[in-house]
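Good morning, everyone. Please look at the chain on the screen while I walk you through it.

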Amino acid sequence: MQQPAGLQQRVPRQYQCPKCAGWNPVPTATDRVACRYCGVSFSWHGDAVQGGRLVHCPLCREPMMYVKKDFPHGWGLAILLAGFVVSTVLWFYFEYIWALAVLVATAAIDALLYVAIGDVTCCYRCGAVFRGFERNEEHGPWDLEIGEKFRHERKQAEAAAAAGDRSASPG
Ligand SMILES: [Zn+2]
Ligand SMILES: [Zn+2]
């Protein structure tokens, strides 16, 4: 679903730390950023932003990115569940019309939230999330196959690092 252009531009540009998931402001002129929550620092590649869009991940330069809704995980479900509970209680007291009205209203609120809430762009490789940028049409929704590929690569890198540690300290 397309958003009115003005809506997305009011969102400040932020990145989510891949280590602690804290939201930090996007720097304007620097090549190194430090998370203000956990203190971990990252390289910042300013050339990642072109025409208000992300062409690759500013932290790790990975061009494979995906887009998702800027919506805390589980909120939509929690709202639906709350509506269902209220509706069940009303049904129990024979308030059938109100019970149905609550169900319909809950579904409507969910749909409205979905339209009103903007997108965020996520990096497959490092897991950083970026908010407040224009949608790059080359970035699709989460793809399980690509996600698995990157997860596998991460595991291999971790295993290689662990093997390196063992060979460095014999005994
Ligand atoms: Zn952090
Ligand atoms: Zn990245």
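**A walk through the chain**

Start with Phe42. Setting aside neighbours within four places in sequence, Phe42 is in contact with Val33 and Leu59. Remember, this is a predicted model.

Where does Phe42 sit? Phe42 belongs to strand S4, which covers residues 41–43. Is Phe42 buried, exposed or partly exposed? Count the C-beta atoms. There are 19 others within 10 Å, so Phe42 is partly exposed; a buried residue needs 20 or more. Now look at Cys17. Cys17 and Phe42 are 25 residues apart in sequence, yet their C-alpha atoms are 9.2 Å apart in space.

Step back to the whole chain. How many helices and strands does the chain have? There are 4 helices and 9 strands. The pattern along the sequence is α-β-β-β-β-β-β-β-α-α-β-β-α.

Next, the overall dimensions. The C-alpha atoms fill a box of roughly 75 × 50 × 30 Å along the principal axes. The radius of gyration is 21 Å, whereas a compact globule of 171 residues would have one near 16 Å. Of the 171 residues, 11% count as buried. Take the contacts with a separation of 6 or more: 54% of them link residues 24 or more positions apart.

Now the core. The largest nonpolar core has 13 residues. Those with the most contacts inside it include Leu54, Met65, Cys123 and Phe130. Strand S8, residues 119–123, gives the most to this core, with 3 residues.

Stay on S8. Why is S8 described as largely enclosed by the rest of the structure? Because 5 of the 5 residues of S8 are buried. Asp119, Thr121 and Cys123 point one way from the strand. Val120 and Cys122 point the other way.

Which strands pair with S8? One is S7, residues 65–69, which runs antiparallel to S8 and is joined to it by 5 bridges. There, Met65 stands opposite Cys123. Beyond its close sequence neighbours, Met65 has contacts that include Leu54, Cys57, Cys123 and His139. Another partner is S9, residues 129–131, antiparallel to S8 over 3 bridges. Here Val120 stands opposite Arg131. The hairpin of S8 and S9 has 5 residues between the strands, and Gly127 takes a positive phi near 85 degrees.

Last stop, a helix. H2 runs over residues 75–92 and has 18 residues. From first C-alpha to last, H2 reaches 26 Å, close to the 26 Å expected at 1.5 Å a residue. Phe94 follows H2, with a positive phi near 65 degrees.

Technical notes
Residues are numbered from 1 along each chain as its sequence is written. Chains are lettered from A and ligands numbered from 1 in the order in which they are written. This is a predicted model: local features need pLDDT of at least 70, side-chain atom pairs count only at pLDDT 80 or more; totals for chains, interfaces and linings use all residues. Helices (H or I, at least four residues) and strands (E, at least two) are DSSP runs, numbered from the N terminus. A residue is buried if 20 or more other C-beta atoms lie within 10 Å of its own, exposed if 12 or fewer, and partly exposed in between; C-beta atoms are placed from the backbone. Two residues are in contact if their C-beta atoms, placed from the backbone, lie within 7 Å. The radius of gyration is taken over C-alpha atoms; the globule rule is 2.2 Å times the number of residues to the power 0.38. A nonpolar core is a set of buried Ala, Val, Leu, Ile, Met, Phe, Trp, Tyr and Cys residues joined through C-beta atoms within 7 Å. The expected span of a helix is 1.5 Å times one less than its number of residues. Two strands pair if DSSP finds at least two bridges between them.
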